[in-house]
Amino acid sequence: SVILTVLGQLAFMPILVLAARICPPGVEATLFAGLMSIFNAGGIASRSLGGALTAALDVTSDKFDNLALLIVICNLSSLLPLPFLSLLDTVPDEDLDE
């Protein structure tokens, strides 16, 4: 559990670095709080949807008939944000030197 928490925080670092680069001065704490709220809400939604999908596919502790399909759906769902990456603004090079 501790190792997964540390790895999760390390995976979150690129998002925090990008946010710090595009953040206007003076609102860093507000932006961080907003990002953490979105991150936590996403985790709650993920667990809820995962539980609902597990129940919909009728995967239980005794019945594993649709477990392979559940694993495939869960892994492919992690690719859903990829089409939205182009919506991110780019950081101008002159802002990186500061």
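The following dialogue examines a predicted model.

Visitor: Why is L10 called exposed?

Guide: The relative accessible area of L10 is 53%. L10 lies in helix α1, residues 2-22, and belongs to a nonpolar surface patch of about 810 Å². Among the other residues of this patch are V2, I3, L4 and V17.

Visitor: How do you know that the length of helix α2 agrees with its number of residues?

Guide: Helix α2, residues 28-56, has 29 residues, which at 1.5 Å a residue should span 42 Å. The C-alpha atoms at its ends are 41 Å apart, and therefore the two values agree.

Visitor: What makes the contact between K63 and D58 a salt bridge?

Guide: The closest N and O atoms of K63 and D58 are 2.6 Å apart. A salt bridge requires a side-chain nitrogen of Lys or Arg within 4 Å of a carboxyl oxygen of Asp or Glu, so this pair qualifies. A search of the whole structure finds one salt bridge.

Visitor: Why are K63 and D58 described as partly exposed?

Guide: K63 has a relative accessible area of 35%, and D58 has 35%. Buried means under 20% and exposed over 50%, with partly exposed in between; therefore both residues are partly exposed.

Visitor: Which helix gives the most to the lining of the largest pocket?

Guide: Helix α2 gives the most, with seven residues. The pocket holds about 360 Å³ of space, and its lining includes G42, R47, L53, C74 and P81.

How values were computed. Residues numbered from 1 in each chain as written. Predicted model: local features only at pLDDT ≥ 70, side-chain atom pairs only at ≥ 80, totals over all residues. Heavy atoms only, no water. Patch = residues over 30% accessible without salt bridge, like charges linked within 9 Å, V, L, I, M, F, W, Y side chains within 5 Å. Areas by Shrake-Rupley, 256 points an atom, 1.4 Å probe, with all protein chains shown as cover. Helix = DSSP H or I, 4+ residues; strand = E, 2+ residues; numbered from the N terminus. Buried < 20%, exposed > 50% of the residue type's maximum accessible area, 1.4 Å probe, protein only. Expected span 1.5 Å × (residues − 1). 1 Å grid on protein atoms, 1.4 Å probe; cavity = no way out; pocket = protein on both sides within 12 Å on 5 of 7 lines; lining within 4 Å. Points joined across faces, edges and corners; volume = space filled by probe spheres on them.
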